[in-house]
Amino acid sequence: SLYFILSLWAGLVGTGFSVLIRLELSAPGSVLGDFQLYNLIVTTHGLVMIFFLVMPMMMGGFGNWLVPMMLSLPDMGFPRLNNVSFWVLPVSMGLLFCSAFSEGGFGGGWTLYPPLSSVMGHSGPAMDFLILSLHIGGASSIMASINFYSTWGNMRAGCHQFYRVPLFCTSIGVTSFLLILAMPVLAGALTMLLTDRNFNTS
């Protein structure tokens with residue numbers, strides 16, 4: 001339920017950013033009067049919608065509601081890990097908004113590509129807040145994915161052989177496995193970007 005509440009709130013925030021984007025594009029010239037502000041809105045809209053609407057709702061919300069029910073279980077495999085994986089998400093979202101309010105925010109697009117995400121593109125702390133936000137969000141995804149994968153793989157009731165497991169549970173299990181593989185790669189790339197910015201690595 002908490003995942004659903006957070007993701008619905010994030011959806012409202014992202015929809016507000018989407019309205020501002022459409023307002024800016026509705027007329028020739030600049031409606032907002034600040035191109036950096038427009039780039040910031042596009043960046044924040046993309047990150048909010050992906051990391052705080054789609055992923056928490058599809059994996060956290062529907063997964064926590066339906067996987068234990070479909071596998072005839074009282075709860076997920078690691079309830080406390082589940083709890084931690086949710087409660088770091090508001091912290092991650094708070095850091096994302098700290099980024100938006102730090103020295104004009106980061107306006108380099110939600111893909112965070114250099115050179116816009118380098119020190120030359122954005123020299124202030126906004127990008128560093130954003131990197132920390134995505135690190136914490138990625139840790140949340142890894143914790144939730146470990147929980148889903150171990151629940152799906154190890155806690156099936158005796159009547160649930162692999163070929164009798166509902167397809168939704170299998171899709172959650174496969175998606176969890178892919179997230180466990182992909183999120184450390186994202187974390188490594190973000191760490192390298194952080195060291196490029198702050199420790200003059202290349």
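**Notes on the helices, the patch and the salt bridge**

1. Let me start with helix 3, whose buried residues pack against helix 1 (2-24), helix 2 (35-70) and helix 4 (126-154). Please keep in mind throughout that this is a predicted model. The buried set in helix 3 consists of Asn82, Ser85, Phe86, Leu89, Ser92, Met93, Leu95, Leu96, Phe97, Ser99 and Ala100.

2. With 22 residues (79-100) at 1.5 Å a residue, helix 3 should span 32 Å, and its end C-alpha atoms lie 33 Å apart, which agrees.

3. Stepping back to the overall fold, the protein has five helices and zero strands, and its elements read α-α-α-α-α from the N terminus on. Its C-alpha atoms fill a box of roughly 65 × 40 × 25 Å along the principal axes. Among contacts with a separation of 6 or more, 79% are between residues 24 or more positions apart.

4. On burial and surface: 44% of the 202 residues count as buried. The accessible surface comes to about 10600 Å², and carbon and sulfur atoms hold 72% of that area.

5. Do have a look at the nonpolar patch on the surface, formed by Tyr149, Val174, Phe177, Leu178 and Leu181, with about 450 Å² of accessible area together. Helix 5 (residues 167-199) gives the most to the patch, with four residues. Phe177 is found in helix 5; its relative accessible area is 40%, so Phe177 counts as partly exposed.

6. How many salt bridges does the count come to? The answer is one salt bridge, in which the side chains of Arg197 and Asp128 meet at 3.0 Å, N to O. The pair links distant parts of the chain, as Arg197 lies in helix 5 and Asp128 in helix 4, 69 residues apart. Arg197 has a relative accessible area of 10% and is therefore buried, whereas Asp128, at 22%, is partly exposed.

7. Finally, the cysteines. A search of the whole structure finds zero disulfides. Cys98 is partly exposed, at 37% relative accessibility, while Cys169 is buried, with a relative accessible area of 1%.

Key: Residues are numbered from 1 along each chain as its sequence is written. This is a predicted model: local features need pLDDT of at least 70, side-chain atom pairs count only at pLDDT 80 or more; totals for chains, interfaces and linings use all residues. Side-chain values use heavy atoms; hydrogens and water are left out. Helices (H or I, at least four residues) and strands (E, at least two) are DSSP runs, numbered from the N terminus. The expected span of a helix is 1.5 Å times one less than its number of residues. Buried means under 20% relative accessible area, exposed over 50%, partly exposed in between (1.4 Å probe, protein chains only). Contact means heavy atoms within 4.5 Å. Patches are made of residues with over 30% relative accessible area and no salt bridge: like charges are joined within 9 Å, nonpolar side chains (Val, Leu, Ile, Met, Phe, Trp, Tyr) within 5 Å. Accessible areas come from the Shrake-Rupley method with a 1.4 Å probe; for residues, only the protein chains shown count as cover. A salt bridge is a side-chain nitrogen of Lys or Arg within 4 Å of a carboxyl oxygen of Asp or Glu. A disulfide is a pair of cysteine sulfur atoms within 2.5 Å.
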